[in-house]
Amino acid sequence: MRVYVPLTLPGLAEAYKTGELGSEPIVAYAVTPALREWYLSDDIEELEYAALNRAALASLGLLAADAEAVRRRVVVAVDVPDGAAISDPDRALDPAALGEVRVGGVSLAKAASVHVDAGDAEADVAAAAAALAAADGGDDDAQFIVDGAEDHELLWFATQEIPNLVGLGG
């Protein structure tokens, strides 16, 4: 099963240093039954793209909490054994938790790819991170700003490129 782990560039640098994608349990996003029901598609590529976008939004939340991080969303795609990703049944239909799963003991060596914003997205991502709390509170203008970050596609990187990517995070 493929899961998408939201990070920041400093978080990716730490994962590169330690070899682990954070402390357990790790919040990630995957194609869950609730995401399938919400997205109304049987196309696995579309569903995985939806899970990737949910992880990108979670990465935006991590950026909002870390004022020092470079304003680029980061998502690491990792293949884990079936059954290793567990969703919370109490939050399954919570719109804020669609596709959310918990995984434990994820090694960076299991990563399939890394997805990162291009440099030209930094201004929109910074504005979205600043507006995220207001958007979560129901402010439509702030939600418009957050949605602006989603206009930027995350770039795909091979895991061999991680050393170059973490250089971006200083």
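Helices (H or I, at least four residues) and strands (E, at least two) are DSSP runs, numbered from the N terminus. This is a predicted model, in which local features need pLDDT of at least 70, side-chain atom pairs count only at pLDDT 80 or more, and totals for chains, interfaces and linings use all residues. Residues are numbered from 1 along each chain as its sequence is written, and side-chain values use heavy atoms, with hydrogens and water left out. The largest pocket has a volume of about 400 Å³. The largest nonpolar core holds 26 residues.

**How space is found**

- Rolling a probe the size of a water molecule over the atoms shows where empty space is left.
- The search runs on a 1 Å grid over the protein atoms alone. A cavity is a set of points where a 1.4 Å probe fits but cannot get out. A pocket is an open set with protein on both sides within 12 Å along at least five of seven lines.
- Lining residues have an atom within 4 Å of a point.
- Grid points are joined across faces, edges and corners, and a volume is the space filled by probe spheres set on the points.
- For linings, Ala, Val, Leu, Ile, Met, Phe, Trp, Tyr, Cys and Pro count as nonpolar, Asp, Glu, Lys and Arg as charged, and the others, Gly among them, as polar.

**Largest pocket**

- The lining has 18 residues. Pro6, Val27, Tyr29, Ala58 and Leu62 lie nearest the centre of this pocket.
- Strand E1 (2-7), strand E2 (26-29) and helix H3 (44-65) each give at least two lining residues. H3 gives the most, with five residues.
- By type, the lining of the largest pocket has 14 nonpolar residues, three polar and one charged.

**Second largest pocket**

- This pocket holds about 200 Å³ of space.
- Its lining consists of Asn53, Arg54, Leu57, Gly61, Leu132, Ala135, Asp136, Gln143, Val146, Asp147 and Glu150.
- H3, helix H4 (122-136) and helix H5 (140-150) are the elements that give two or more residues to this lining.
- Four of the lining residues are nonpolar, three are polar and four are charged.

**Cavity**

- The whole structure has one cavity of 30 Å³ or more. The space in the largest cavity is about 30 Å³.
- Ala56, Leu57, Leu60, Arg73, Val146, Ala149 and Glu150 form the lining of this cavity.
- Five residues of the cavity lining are nonpolar, none are polar and two are charged.

**Nonpolar cores**

- A nonpolar core is a set of buried Ala, Val, Leu, Ile, Met, Phe, Trp, Tyr and Cys residues joined through side-chain atoms within 4.5 Å. Buried means under 20% relative accessible area, exposed over 50%, and partly exposed in between (1.4 Å probe, protein chains only).
- In the largest core, Val3, Val5, Leu12, Leu21, Val76, Val78 and Val114 touch the most other members.
- E1, helix H1 (9-18), E2, strand E3 (74-79), strand E4 (100-103), strand E5 (111-116) and helix H6 (162-168) each bring at least two residues to this core.
- Another core lies apart from it, with 14 residues, among them Tyr4, Leu52, Val75 and Leu98.
- Contact means heavy atoms within 4.5 Å. Not counting residues up to four places away in sequence, Leu12 touches Leu7, Val74, Val76, Val114, Ile162, Leu165 and Val166.

**Aromatic pair**

- Rings of Phe, Tyr and Trp (its six-membered ring) pair if their centres lie within 6.5 Å; planes under 30 degrees apart count as stacked, over 60 as edge-to-face and the rest as tilted.
- This rule gives one aromatic pair. The ring centres of Trp38 and Tyr39 are 5.9 Å apart and the planes stand at 50°, so the pair is tilted.
- Trp38 is partly exposed, at 46% relative accessibility. Tyr39 is also partly exposed, with a relative accessible area of 33%.

**Exposed sites**

- Pro25 sits in the loop between H1 and E2. Pro25 is exposed, because its relative accessible area is 54%. Leaving aside neighbours within four places in sequence, Pro25 is in contact with Arg102 and Val103.
- Phe144 is in helix H5. Phe144 counts as exposed, at 66% relative accessibility.
- Asp151 lies in the loop between H5 and strand E6 (155-157). At 64% relative accessibility, Asp151 is exposed. Asp151 and Asp124 are 27 residues apart in sequence, and their C-alpha atoms are 9.1 Å apart in space.
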